[in-house]
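Let's take a walk through a protein model together. Have a look at it first, and then we'll go from the whole chain down to a few single residues.

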Amino acid sequence: MSTKLWTDEQFNCPVCLDLPNDPVTIPCGHSYCMGCIKDFWSKDEPKGIYSCPQCRQVFCPMPSLSRNTMLAEAVEQLRKGALKADSTSKGKLSSSAVACDMCKGKQNAAVKSCLVCMSSYCEAHLKPHQTKKALKQHELIPPTSNLAEKICTQHKYLQEFFCRQCQTFICWLCTSNQHKGHESVSTKVERLEKQKVLSELQTETHQRLKDREQELKDLKKVMDVMKRSAGKVHSETERTLTELQRSVERLQELMEEVLDQANLEKMSQAQEVADSLEAEIKVLRKRDTEMRDLAQCEDHIHYLQTCESMSGPLETGALPTVAVNQEASFEPVLDAVLDLRERVEDMCNQELGKITKRGLGNVGVKNLDVRSRDTPRVREINIDSFQAPEPRSREEFLQYAIALTLDPNTAHRRLAISEGDTKATLQGAAQPYLDTPERFDGWTQVMCQGPMYAQRCYWEVEWRGRGSSIGVAYGAVSRKGSDARSGLGYNARSWTLELSDTCCAAMHDNQKRDIPVTYSPRLGVYLDLSSGTLAFYSVADSMTHLHTFHANFTQPLYAAFGVGTGVGVGLD
């Protein structure tokens with residue numbers, strides 16, 4: 001079976017988007033209709049500098065234009081093939097084609113429209129206009145749909161011009177009367193201007209379509225791997241836990257329940273993203289087909305009336321780019337089950353040894369091992385599971401928002417806690433607080449109640465003045481004294497951002513990194529325990545990234561605040 005290496009569109013003139021008439025090739029290698037490139041270069045004659053409409057290579061002086069004989073022969077063969085295909089085709093007309101007004105039943109595409117008869121004709125029904133003397137005098141134009149609507153109601157001429165000032169179609173007499181002095185151009189010129197914009201948009205749409213199709217392909221591949229992996233882990237888990245069935249039958253039931261739930265959640269997340277991608281790809285394919293059909297339309301007015309609607313945003317909205325983990329798997333679950341089996345069996349062997357020595361003495365029994373298998377355990381590959389994309393916009397961050405309250409038992413005596421334990425203000429006089437082991441007595445600091453256990457957490461803080469700090473700390477951070485052990489960011493147990501009016505500094509383990517920023521009264525803090533990241537953002541009309549800490553958090557974390565002179569911090 002032969003394969004077609006080239007498409008008709010690859011031979012089209014980039015200006016008129018049709019097979020070229022008298023094709024010429026300019027020095028940069030791109031080819032055009034002789035008339036199209038001359039018309040395009042006519043506007044550059046006053047400057048004397050000419051450029052390629054596609055690659056923008058500049059020529060000075062204007063290159064001489066000679067007919068490309070080889071390309072002309074190829075185009076002629078394509079035209080003959082297209083006419084033959086049209087004569088044998090039984091399909092419907094394309095959306096950009098104009099139907100013949102004389103055809104009965106199956107309608108053919110019109111090749112010309114008559115301004116006198118106000119009708120459009122296919123090749124067969126056009127013959128009377130080519131043979132009869134009376135009809136030869138009629139003015140024929142390229143096929144135009146709804147011809148009566150495109151005739152000037154006042155002068156009865158075809159509306160071949162476009163008034164840019166009034167944004168309306170007019171005839172040649174209108175340019176000298178009602179629209180005299182206005183910026184009026186031919187519909188072809190106006191189409192070329194709009195076509196440049198739509199062509200760039202079509203390129204972007206086509207690339208986006210390719211990207212989305214690749215993303216969907218990658219995602220479905222990972223989903224297939226995950227599905228097979230889940231099935232494998234099911235069987236392996238059942239076999240492994242059966243070996244301990246007499247003592248851990250309930251464990252087997254729980255493990256299967258947890259695995260089923262994890263598989264359902266992960267596949268549900270992946271399927272939701274896949275459905276969104278398929279919906280967007282469907283819209284992109286439809287838009288791409290409509291743009292190709294419109295590009296081949298010879299009706300300038302139809303083109304201009306339609307191109308605006310194609311320039312609008314897609315109905316699917318802006319879907320964030322999907323990052324697919326090619327090696328996602330449930331294998332770590334199997335790894336955990338095998339580890340559990342090893343620990344349980346080791347514990348059984350230890351206890352058996354103790355019982356033998358204490359109760360039975362030295363007996364002549366060798367290989368006291370509860371393991372019922374001869375083959376050693378083979379450790380499987382440990383692969384990260386499927387992860388949701390990192391948030392970018394404030395709306396995406398707010399999906400992980402948590403409610404925090406300050407812990408008055410940790411507040412320094414000069415800090416007044418108010419507004420439902422969500423605001424801390426530095427006071428001149430000490431507050432009548434009880435002396436608790438958790439209270440800071442050297443640094444004017446306060447921590448929140450309860451650690452953060454969610455894998456992803458986000459909260460926002462409003463602050464004023466100088467010398468404040470916002471961050472997180474282990475519960476074991478020192479509370480007593482004025483040395484570095486108790487200051488947030490000055491020890492290895494806390495990570496903070498020190499704030500002032502014009503700059504800030506990232507602090508951890510007494511290491512400081514200055515960050516020049518404009519004053520931002522509201523800060524967002526994002527904590528991802530699974531990836532070990534703590535990020536700070538300035539929250540205004542948009543999210544501005546300030547700094548990210550990367551750490552292996554080994555203990556529960558608490559939100560913590562330091563309050564400077566004459567200022568306050570408040571949780572939102």
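What follows starts with the overall picture and then zooms in.

Keep in mind that what you see is a predicted model. The protein chain has 572 residues, and 37% of them count as buried.

Now think about which parts of the chain touch each other. Take the contacts in the protein chain whose partners have a separation of 6 or more: 60% of these are between residues 24 or more positions apart.

Time to zoom in on Arg522. You'll find Arg522 in strand E19, which covers residues 522-528. Is Arg522 buried or exposed? Its relative accessible area is 16%, and buried means under 20%, so Arg522 is buried. The side chain of Arg522 also has a partner: it makes a polar contact with the side chain of Glu462, at 2.7 Å.

Next, the cysteines. Cys36 is buried, with a relative accessible area of 8%, and Cys174 counts as buried too, at 5% relative accessibility. Why doesn't the sulfur of Cys174 form a bond with the closest cysteine sulfur? That closest sulfur belongs to Cys171 and lies 3.5 Å away. A disulfide needs the two sulfur atoms within 2.5 Å, so this pair is too far apart for a bond. With that cut-off, the count for the model comes to zero disulfides.

Note on methods:
Residues numbered from 1 in each chain as written. Predicted model: local features only at pLDDT ≥ 70, side-chain atom pairs only at ≥ 80, totals over all residues. Heavy atoms only, no water. Helix = DSSP H or I, 4+ residues; strand = E, 2+ residues; numbered from the N terminus. Buried < 20%, exposed > 50% of the residue type's maximum accessible area, 1.4 Å probe, protein only. Polar contact = N/O pair within 3.5 Å; in protein donor to acceptor, adjacent residues only side chain to side chain. Contact = heavy atoms within 4.5 Å.
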